[in-house]
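Me: I would like to learn how to read the packing of helices and chains in a model. Can we go through it step by step?

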Amino acid sequence: MNNSDGTKKGPFRAEVSFNRHIGQKYHRLGLDFTGAGAEAFGTSEPGQFGELELSKAALPEPGAIAKELTDCAERQILLRRPFSFADVQAEKNSTYVEILYRVVGPGSLRMSTLSGGDSISVIGPLGRGFCVPEGKKTALLVVGGMGAGPLLYLTKVLSENYPKIEVTAFAGAKTKNELPFERRLDEVSQGLGFSIAEFAKYGAKSLIATDDGTAGFEGTAADCFSEWLKESSLKSEDAIIYSCGPEAMLKQISEIAEKRNIDCQISMERMMACGIGLCQSCAVECKADGENESIYKLCCKDGPVFESKEVVFDL
Amino acid sequence: MEENVDISVDFAGVGLANPVFTASGTCGYGDELADFTDVNQLGGFITKSITLKVRKGNATPRIVETNSGMLNAIGLANIGLDKFIEEKLPILEQFTTAVFVNVAGERIDEYVAVTERLVGEKAIAGLELNISCPNVSKGGISFGTEPQQVTEITSAVKKAAGEKILMVKLSPAVTDISVTARAAVDGGADALSLINTFPAMAIDIESRKAILANRTGGLSGPAIKPIAVYLLNKVYNEVARKSGTPILGLGGIRNASDAIEFIIAGASGVGVGTANFIEPGCTAKIVEGIKKYCARKEISNIKELIGSLLKGNNYSRQNVSHQKSPA
């Protein structure tokens, strides 16, 4: 068996097509797969993820490393890093995958130096993504920071495969410059309105929330969503909530969904060593069927997308 | 020629196609690996720890990456013996590779009870006794540090194990690993496996709290390899060679060169753990690499390599006659 290219989920080689800054905090990495990798990643669902091997990528020049990361930059990294997809485009002989990321440690520091033409090893697509139950007319996307990635890809898939579903995204960040989106935010709303070009191009409405009020609603994406929902005449059974972001936000969204009896799928995050069900480290506490006791499911295999009502939050 | 190299191993009476194992707790129950590699290319497969009752495991975070390594504190999360027999044994039965079940527990009678249930199963070549897990409050490592307890638990399980071979997995967290190794051999161990992970800790300096929910975890990966090679060679020289006990060497093996180091130090088998998380098909490459090395060194049978560490160091005169003359 050829190990580099030939198993169902890799590892596959991907060629970097671009790697650029988005706003102050975020980056986007474009990857091109060919051959078996293109076939595998061409079937990716929104919410699924890939495991990137970054240990062989170079560190930035010492002067280009943020002060708070200089110590951790000295660490030799060992494990792959999981990232979900902000976009997937399957062409005839290749598949393009885009990843939204932030530089937070020794793995993503190395990731930030990748440039066009570089080759990296990727395992995937992994896990269970978002799904669309029958009969839904409205999709409500609540986005916290990096959570924008999988929800942008979901928006694209909804527009292509479920054109009758109306999509509204609520995207939050600490401040305007930390919004993880392409294109300038010329039409930033001061309340309601179309504002994020990347959602608009798929015909989705979007609202911005910033903690400091520098753009859109002053507060969190969850607060913005909650306010919007109060005004809305939405029928619960017509709607579905999709959310990805910090766990505190997911908890808040899950509570709102439960109170309003709206279906809700959330994408969870856990430290994971492998992403393929071997290490058992990415446990997510879930309610057990018909019992009071909880069970652990694996974020990498049973998730990362879970029904919000099954998750037991530890916050 | 690689095809003329015999890398099959007699491991305490079990014939293995090659010396490469997957380490317990790093490859689940076998089915998880199927998307990445052919389990039958392995010499041996060791399951995740099985306990009598289902165990949920620890809260998260259960892992954290450290310099050239990682800490884990999974807490022996497993589906329990009943479900293992019902759901996983049928999968393991289909493997042609030698299957070892890692057995854990809180009390000796639990280890014995699990062993008694498995002893009649044809799919299983042997058992690996986990007396060195650093991540559970009861049992685990506490059985593996007191020599008398090591002998006692080994002999109790050996009685229950019948024809199955019993391998005892040793902790590195002892004053002298040869003492626990000897205690296991005295108790009737057919084979030894070493090392399990090192008890270790990582702290978040911003919050001043331990990163793992369990506070401490076991260190694995390339960071521990030189220590593992040293301890294995020590056990080989001081205990295993004389008693004829084969050793499965574990600790940071990522490639064929790492594996060969362990074999030279005295290992009859080599276990790959953490590396599976990064390259889930790496074991097949390691098997190929060992063959290539043997061919290059004109070693026709891998038995010639086991415990073949020469005296002296790489620069001493004693070595000169074994080096090829410079071209």
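Reply: Start with what an axis is: a line fitted to C-alpha atoms, for helices over the stretch in contact. Two packed helices are described by the angle between their axes and the distance between the axes. Keep in mind that the model here is predicted.

Me: At what angle do the axes of α7 and α9 of chain B cross?

Reply: Helix α7 (residues 256-265) of chain B crosses α9(B) at roughly 65 degrees, and their axes come within 8 Å. The crossing of α7(B) and α9(B) is right-handed.

Me: Which residues make that contact?

Reply: From α7(B) they are B:Ala256, B:Ala259 and B:Ile260, and from α9(B) they are B:Ile286, B:Gly289, B:Ile290 and B:Tyr293. Sorted by class, the contact of α7(B) with α9(B) has six nonpolar residues, one polar and no charged.

Me: Now chain A. How far apart are the axes of α5 and α6 of chain A?

Reply: The axes of helix α5 (residues 221-231) and helix α6 (residues 247-260) of chain A lie 9 Å apart, at an angle of about 15 degrees. That makes α5(A) roughly parallel to α6(A), because angles under 35 degrees count as roughly parallel. Their crossing, that of α5(A) and α6(A), is right-handed.

Me: Which residues of α5(A) and α6(A) meet?

Reply: On α5(A) there are A:Ala221, A:Ala222, A:Ser226 and A:Leu229; they meet A:Met249, A:Gln252, A:Ile253, A:Ile256 and A:Arg260 on α6(A). The contact of α5(A) with α6(A) divides into six nonpolar, two polar and one charged residues.

Me: How many helices and strands does chain A have?

Reply: Chain A has six helices and 16 strands. Its radius of gyration is 19 Å, close to the 20 Å that the globule rule gives for 315 residues, so chain A is as compact as a globular protein of that length. The C-alpha trace of chain A spans about 55 × 50 × 40 Å along its principal axes.

Me: What percentage of the residues of chain A count as buried?

Reply: Of its 315 residues, 48% count as buried. For contacts in chain A between residues at least 6 apart in sequence, 69% join residues at least 24 apart.

Conventions
Residues are numbered from 1 along each chain as its sequence is written. Chains are lettered from A and ligands numbered from 1 in the order in which they are written. This is a predicted model: local features need pLDDT of at least 70, side-chain atom pairs count only at pLDDT 80 or more; totals for chains, interfaces and linings use all residues. Axes are lines fitted to C-alpha atoms, for helices over the stretch in contact, and angles run from 0 to 180 degrees between N-to-C directions. Helices (H or I, at least four residues) and strands (E, at least two) are DSSP runs, numbered from the N terminus. Angles under 35 degrees count as roughly parallel, over 145 as roughly antiparallel, 65 to 115 as roughly perpendicular and the rest as oblique. A crossing is left-handed if the near helix is turned anticlockwise from the far one by less than a right angle, and right-handed if clockwise. Two residues are in contact if their C-beta atoms, placed from the backbone, lie within 7 Å. Ala, Val, Leu, Ile, Met, Phe, Trp, Tyr, Cys and Pro count as nonpolar, Asp, Glu, Lys and Arg as charged, and the others, Gly among them, as polar. The radius of gyration is taken over C-alpha atoms; the globule rule is 2.2 Å times the number of residues to the power 0.38. A residue is buried if 20 or more other C-beta atoms lie within 10 Å of its own, exposed if 12 or fewer, and partly exposed in between; C-beta atoms are placed from the backbone.
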